Amino acid sequence: MGTIIQFENSDICQQERVILSGVTFEIEKGEFVYLVGRTASGKSSLLKTIYADLPLRKGYATVCGYKLKTIKRREIPYLRRKAGIVFQDFQLLTDRNLRDNFLFVLKATQWHDKAEMEERIADVLEKVGLQGSEYKMPHQLSGGEQQRAAIARALLNEPELIIADEPTGNLDPAASTDIMEIFSELSAHGMAVFMATHNYNLIKEFPARVLRCVSGILDEVTPLSFNEI
């Protein structure tokens, strides 16, 4: 299969404070894995460590082939091409249409050929069901459509991994289901998806591995044991 994320006996820290200790887990190519836990339990800190927004101070970890303990600052943009990130609040640039949002990302990640960029934008919008929406402004889209656009943006560089931090947190149930169906399809086609969520109904509807942050550690729970979370 191929290991996309591997952590061995790692501490997840905010500055000098240890948030999670002894973190050990692996995610393989094409796996869909949930991350759950109470507010301030360490979920976002773990995700930020995975995409190198927080440094790994202790232990061993690799993400998409990059060793987090020794990754150089100049290598971080290359890691983030292989790991697309989707946030709860979309983080689309509100002063420009979707095409210009995506061109901004492509140019920042060293795309140069204009025809190839236009083709890639059309491809990712079609993948998330937003074909023909290139010239719409973010405010012209519903919340669910904005999140689909954010997923399309994360797919621009054909990542090996999608990291999603509460991607359905601001969406109604129907839009949440639409987003989950997109993630499930991506996973079925070989992309790993690691998704933090508080929405346990979604986990029951789309069951997969569940990792839990609790009492300063990360453990694995069965998808239906939510009375323990």
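Trainee: Where is Glu158 found?

Mentor: Glu158 sits in the loop between helix H5 (143–154) and strand E7 (161–165). Helices (H or I, at least four residues) and strands (E, at least two) are DSSP runs, numbered from the N terminus.

Trainee: Is Glu158 buried or exposed?

Mentor: Exposed, with a relative accessible area of 59%. Buried means under 20%, exposed over 50%, and partly exposed in between, using a 1.4 Å probe and protein chains only.

Trainee: And what sort of model is this?

Mentor: A predicted one, where local features need pLDDT of at least 70, side-chain atom pairs count only at pLDDT 80 or more, and totals for chains, interfaces and linings use all residues. Residues are numbered from 1 along each chain as its sequence is written, and side-chain values use heavy atoms, with hydrogens and water left out.

Trainee: What is the mean pLDDT of the chain?

Mentor: The mean is 93, and 97% of the residues reach 70 or more; pLDDT is the predictor's confidence in each residue, from 0 to 100.

Trainee: Switching topic: how many salt bridges does the structure hold?

Mentor: Eight. Each has a side-chain nitrogen of Lys or Arg within 4 Å of a carboxyl oxygen of Asp or Glu. One of them pairs Asp11 with Lys58, with the closest N and O atoms 4.0 Å apart.

Trainee: Why does that pair tie together parts that are apart in sequence?

Mentor: Because Asp11 lies in strand E1 (residues 3–14) and Lys58 in strand E4 (residues 58–63), 47 residues apart in sequence. Asp11 is buried at 11% relative accessibility, while Lys58 is partly exposed at 44%.

Trainee: What about Arg80 and Asp53?

Mentor: Their side chains meet in a salt bridge too, at 4.0 Å from N to O. Arg80 is in helix H2 and Asp53 in the loop between H1 and E4, 27 residues apart.

Trainee: So which residues of H1 are buried?

Mentor: Lys43, Ser45, Leu46, Leu47, Thr49 and Ile50. That's six of the eight residues in helix H1 (residues 43–50), which is mostly covered. Ala52 follows H1 and has a positive phi, near 65°.
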